[in-house]
Amino acid sequence: MNNKRRAVPGVRPYDGPAGGWGALKATAIAVRTQMDAFNAPVTLMRTNQPDGFDCPGCAWPDKEHKSTFQFCENGAKAVTWEATSKRVTPEFLAANTVTSLLSKSDFELEGYGRLTHPLVYDRTSDTLRPLPWEEAFRRIGETLRDMAPDEVEFYTSGRASNEAAWLFQLFARELGTNNFPDCSNMCHESTSVGLPQSIGIGKGTVSLEDFDDTELVISIGHNPGTNHPRMMGTLHELARRGVPVIVFNPLRERALERFADPQDIIEMATLRSTNIASTYYQVKAGGDAAALKGIGKALLAMEQAQGNVLDHPFIEQHTQGFEAFADDLRQTAWHEIERESGLTRQELEQVATLYARSNATIITYGMGITQHNKGTSNVRLIADLLLMRGNIGKPGAGICPLRGHSNVQGNRTVGITEKPGAEFLANLQRVFGFTPPQRHGHDAVKALQAMIDGEARALLCLGGNFAVAMPDSERAFPAMQKLDLSVHVGTKLNRSHLLVAKQTFILPCLGRTELDIQESGRQSITVEDSMSMVHASSGKLRPASTLLRSEPAIVAGMAQAALPETRVDWMGLVADYDKIRDLIEQTVPGFDNYNARIRRPGGFRMPLPPTRRVWPTPTGKAMFSVFNGVHENTQVEGDDVLRMITLRSHDQYNTTIYAMDDRYRGIFGRRDVLFMNEQDMASLKLEHGDRVDIHTALPGSDLRLEDITVVAYTIARGSVGAYYPEANVLVPLDYIDRESGTPSYKSVPVRVRLRSKEILAKESIR
């Protein structure tokens, strides 16, 4: 850090590696502040074990899935956060009005602990009050019966199990709607839309075993040390074997630079670390398409010059559309690629050379690719690059989208989608005898717009923090309060719960770590990881309250109350989750012998035809695409226009904030910062520590985020970074990828303005 910079409170350099003793210390603090010291070690050792529970954090698979504990700092935080000894009791809620709770930070709200009773909002006292479960179900059911089905939105968080998610979709479709806004709509919907167009299925093709055989990994737009930390063990192994890891990311992220594995005794004892990235390219925010096209263009030139670069037999036998794709690359000018990507032709040609030498390449990517207004096209470009050299359907190669929450992919597999397929709907009709709705429903953005317009009257949330996760909070928050009914199934308080409707119910559920006993005995649920492995999860901790119910039981209770003529034996299904899985097997392809297969350690893998070079596309071939141009849809001119990326801190998972630190980026005890490139700061006459306002630079937009502190950081020129969800206020609701509906959280055009001396003077007087 430049010694001439002014001192800024809470900002100081962090020189250590990712992981290592810093991770162990952070975990110890989380355990000490949240859990009973005696129970904590036993609980953590049950994470990702055959007879234990699946980590409630990221979706990266466990390599062994047997009795080998792999340390993961953020996974441990997720477990301790759920297994906390802190409680939100009726006495606490009686003493704290909803209005007063809304003044608290998101960190404080969840920090109060676990919910213990079903709650209803009492407008007279402005408090949340306990009520019996059956009364809650009765009132929810009566309200839903007075609404048209399409006036109800069914939101699903990625932490919901396959069993709960499948029941939830069955409830909605028997009610008569396909309105399924879910967390996938905000992160990897671009994958779910783009990959089927390219390879016929909306999932990755890579297994953990492929990382043992790969010769090159290209990592684009993700920060594994924070968002999928178990992946660090895999990257650590690759780096130790000498496998090149090429990184494209606007920010220098510590976990992609240096990592000390807490499982490695030598590294921990000697204070050594391993360099992860062999080469690090700081691509400009929104410049990924240009960079990908540059690599592809360089490959074509190498093929013309020397031959044997492209896999022509694969292209001819397994693909269509190559010539149109190649013609577009040839016509794309290098100066446009360099300008938009922020990288040089020489750098991209170096990547192409390494790629051409590799016999098996994996490309991993995250929301730095998907959360753009050309996110679907970005995903397809990655597939194109792999198809050029036949890197799908062979060992050590493939495409690897890095999904976030631990069952976000499983939710989609079992039917949480606003665009259900005809075969799935026909299966529901065959098994249950009712006719499901055929018309497509609302995704997350359309659901919020319907709430704003008064067309949606009810929101049922199976987990999550809907309003906080969505863009344009100045419109999202009031929209929640206009509803006739909001229902939230969750473990802890969050801000969305407190944006109360005419009727608001909060229904506390069991967590992953807790024992789930139903009529037939102890139950297991199942989840699907990011590599399509489905396995069982079974908690063992005593529940936080005797009044907690499981997610399947809560969904069934609401459905039975809302559907008096239902054809489903809801309570019978809750009594034994094997019966739910039997019905999933009958309605969703790929779940043959479901109950038998999840009883084997490690579970089973869902069918992935592209791994066998079978392409379930309309043509029966993998399809190349054409990305017109090299940039995002909305170009705003001006030397002072920057592209803002929303970021998670290291002490954060989705909207859950475990603490106010972001130690790898050198931020401690605060989140009101804007990461900027020093050259951009100089051109705008800003200094490290200046207080600024950020304005969205889109036509007709007046969105702003005020009083943010500028922090000099190693970020690509033209790019700035601010924390999610605080910076969501700058993301317009309609600034989306038109193909997938994904909000463009990662490339919002903004202007940064120094706060006026008059405002600063008034604030100093106060």
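## Exercises: salt bridges, a helix and a pocket

The structure, a predicted model, holds 39 salt bridges.

**Exercise 1.** Classify R670 and D672 as buried, partly exposed or exposed.

*Solution.* Start with the pair: the side chains of R670 and D672 form a salt bridge, with N and O 2.8 Å apart. Next, apply the cut-off: a residue under 20% relative accessible area is buried, and one over 50% is exposed. R670 has 14% relative accessibility and therefore counts as buried. D672, at 32%, therefore counts as partly exposed.

**Exercise 2.** Locate the partners of the salt bridge between D106 and R495.

*Solution.* The closest N and O atoms of D106 and R495 are 3.4 Å apart. D106 belongs to helix α6 (residues 106-111) and R495 to helix α27 (residues 495-498), so the pair links distant parts of the chain, 389 residues apart. Both D106 and R495 are buried.

**Exercise 3.** Determine how far α9 is enclosed by the rest of the structure.

*Solution.* Count first: 9 of the 11 residues of α9 are buried, so the helix is largely enclosed. Among the buried residues are E189, V193 and L195. Then list contacts: the buried residues of α9 pack against β13, α20, α21, β14, α22 and β23. Just after α9, G200 has a positive phi of about 95 degrees.

**Exercise 4.** Describe the lining of the largest pocket.

*Solution.* By class, 10 are nonpolar, 8 polar and 6 charged. Helices α9, α22 and α23 each supply at least two lining residues; α22 gives the most, with 4.

Definitions and conventions
Residues are numbered from 1 along each chain as its sequence is written. This is a predicted model: local features need pLDDT of at least 70, side-chain atom pairs count only at pLDDT 80 or more; totals for chains, interfaces and linings use all residues. Side-chain values use heavy atoms; hydrogens and water are left out. On a 1 Å grid over the protein atoms alone, a cavity is a set of points where a 1.4 Å probe fits but cannot get out, and a pocket is an open set with protein on both sides within 12 Å along at least five of seven lines; lining residues have an atom within 4 Å of a point. Ala, Val, Leu, Ile, Met, Phe, Trp, Tyr, Cys and Pro count as nonpolar, Asp, Glu, Lys and Arg as charged, and the others, Gly among them, as polar. Buried means under 20% relative accessible area, exposed over 50%, partly exposed in between (1.4 Å probe, protein chains only). Contact means heavy atoms within 4.5 Å. A salt bridge is a side-chain nitrogen of Lys or Arg within 4 Å of a carboxyl oxygen of Asp or Glu.
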